[in-house]
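Good morning, and thank you for joining this group meeting. Please look at the model on the screen while I speak.

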Amino acid sequence: MSGYVIDLRNLVKSYRTEAGDFLALKGLDLQIESGVFAAVVGKSGCGKSTLINMIAGIDRPTGGECWVAGSPIHNFSENQMAVWRGNNLGVIYQFFQLLPTLTAMENVLLPMDFRNKYTAAERLQRAEFLLETVGLGDQLNKLPTTMSGGQQQRVAIARSLANDPAVVLADEPTGNLDSRTANEIFELFERLAAQGKTFVMVTHDNDLASRAGRIIRLADGEIVSIENRLG
């Protein structure tokens, strides 16, 4: 175990295809501390999604080690992974992935209900607090279908924080939003990172990426540069 929130060591991911084995990640090393807002950028097919899936435990490495929030998730069983993910990881998707029949409040409550981490009263209080934090304190009982894309993404952000995870992963979180709303969402990420959350965001938007505290550039399954812009 290291002092890093994310510690990837010689990480390799190989996929078997009809044309032979394809190396998506080639011995990648990456360390990220608490409170860092990192943007992962690179051309399509460079390994960005594979990297995010490794950190999330959605996919497993072919070789190397993947330590996240102090745990060797490369060694976990599927059951161990499910419990770990619920307690330590928040994920934000490009297309929100909210349950359409649940209100904003109910969507944020759901991860807490699954993990049974807080009392019923604490869950309600926390869900309301998180929605207020993302600027939706007056939208608690609205259904996603009655909300704008930016509002839905804010609900998704609140939901990702429900169980107070150490790491929040965002996969093209502004890709489905207009530029003004994307900027507002990015500013929200910045504020949350300043409060100590570790954010790792995959994006094709170089302008937004350039504002992250750390920019990780991938090409052909390898890190070609890491730029620290803050601190």
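Helices H3 and H5 are roughly parallel to each other, because angles under 35 degrees count as such. Their axes come within 8 Å and cross at roughly 25°; axes are lines fitted to C-alpha atoms, for helices over the stretch in contact, and angles run from 0 to 180 degrees between N-to-C directions. The crossing of H3 and H5 is right-handed, that is, the near helix is turned clockwise from the far one by less than a right angle. Ala-104, Asn-107, Val-108 and Pro-111 of H3 make the contact (heavy atoms within 4.5 Å) with Val-155, Ala-158 and Arg-159 of H5.

This is a predicted model: local features need pLDDT of at least 70, side-chain atom pairs count only at pLDDT 80 or more, and totals for chains, interfaces and linings use all residues. Residues are numbered from 1 along each chain as its sequence is written, and side-chain values use heavy atoms, with hydrogens and water left out.

I turn now to the largest pocket. Its volume is about 530 Å³. A pocket is an open set of points on a 1 Å grid over the protein atoms alone, where a 1.4 Å probe fits, with protein on both sides within 12 Å along at least five of seven lines; lining residues have an atom within 4 Å of a point. Of the 22 lining residues, Leu-89, Val-91, Tyr-93, Pro-111 and Arg-159 are the closest to the centre of the largest pocket. Which helix gives the most to this lining? Helix H3 does, with 5 residues.

Terms used: Points joined across faces, edges and corners; volume = space filled by probe spheres on them. Helix = DSSP H or I, 4+ residues; strand = E, 2+ residues; numbered from the N terminus. Parallel < 35°, antiparallel > 145°, perpendicular 65-115°, else oblique.
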